[in-house]
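Subject: The structure I promised you

Hi,

Here is the structure we talked about, with some notes to go with it. Have a look at it first, then read on.

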Amino acid sequence: MAHTTYSGLTADLNAYTERTYSQELADTFISNAEAKFNRRLGPNYRRMTAATLTTDASGEASLPSGFVTMRSLVRDVAGSTPLVQVSWDALIRLNPYEISGDAEFFAIKSGTTLRVAPVTEDSYLAAYDASLTPLSSGNTTNWLSVEAPDIYLTMILAEARMFEEEWGTAAGLEGKAYEMLDDLTNRDMVAQYANVEIVLDMATP
């Protein structure tokens with residue numbers, strides 16, 4: 001489909017609406033659509049990415065751009081197991097004097113900062129969900145535009161209708177885009193977890 005790409009989406013926007021929107025306005029429609037997608041998207045294996053985070057002498061590291069939620073954080077040392085996520089306040093209570101040691105817990109502050117406790121200055125392998133990489137002339141596709149170009153186009157058309165103050169049509173298109181997005185997320189949850197075995201992290205009788 002042509003509208004899997006940035007240029008294809010902008011071309012189809014004009015074709016479907018029978019108007020000629022400026023590139024600046026088309027970019028606004030795309031940006032608004034992506035903001036709505038990012039707020040709506042649930043757990044999705046296509047959102048998951050990986051990075052190495054390095055904590056400083058305070059046990060803190062900056063989170064990557066586009067970070068949404070942590071899936072797993074493991075110290076980059078052979079034999080290490082995933083750290084346990086707790087709230088920021090709980091992390092302070094667990095280690096109020098910031099004693100150094102082998103990190104067992106982590107917390108996230110304001111969606112931008114990671115801290116581990118006990119304080120450990122080291123590298124960590126992070127698996128996390130990220131927001132969509134915005135479409136642009138320099139980034140012509142992302143996983144959603146490739147996997148579900150119909151969702152992208154429908155939401156962008158909704159943005160165009162809102163711009164034209166055609167509120168009823170805009171609401172219908174936006175609702176349809178959300179319906180398709182929820183269906184995609186549900187199918188991805190099934191694909192990722194349908195055959196997962198339950199493993200208890202404790203001793204069992």
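Let me begin with E174, which counts as buried because its relative accessibility is 18%; buried means under 20% relative accessible area, exposed over 50% and partly exposed in between, using a 1.4 Å probe and protein chains only. Before I go on, this is a predicted model: local features need pLDDT of at least 70, side-chain atom pairs count only at pLDDT 80 or more, and totals for chains, interfaces and linings use all residues. Residues are numbered from 1 along each chain as its sequence is written, and side-chain values use heavy atoms, with hydrogens and water left out.

Back to E174: you'll find this residue in helix α6, residues 167-193. (Helices, H or I of at least four residues, and strands, E of at least two, are DSSP runs numbered from the N terminus.) The side chain of E174 makes a polar contact of 3.1 Å with that of K36. By polar contact I mean a pair of N or O atoms within 3.5 Å; within protein, one must be able to donate a hydrogen and the other to accept it, and residues adjacent in sequence count only if both atoms are side-chain atoms. Setting aside neighbours within four places in sequence, E174 is in contact (heavy atoms within 4.5 Å) with K36, M155, A158 and M162.

Next, helix α5, residues 149-163. Twelve of the 15 residues in α5 are buried, so to speak mostly covered, and M155 and A158 are among them. The length works out too: at 1.5 Å a residue α5 should span 21 Å, and its end C-alpha atoms are 21 Å apart, which agrees. (The expected span is 1.5 Å times one less than the number of residues.) After α5 comes E165, with a positive phi near 65°.

Elsewhere, V86 sits in the loop between β4 (84-85) and α3 (88-94). Apart from neighbours within four places in sequence, V86 is in contact with L91, L94, F105, F106 and A107. V86 and V116 are 30 residues apart in sequence, with 9.9 Å between their C-alpha atoms.

As for the whole protein, there are six helices and seven strands, in the order α-α-β-β-β-β-α-β-β-β-α-α-α. Of its 205 residues, 39% are buried. Among contacts between residues at least 6 apart in sequence, 64% join residues at least 24 apart.

Cheers
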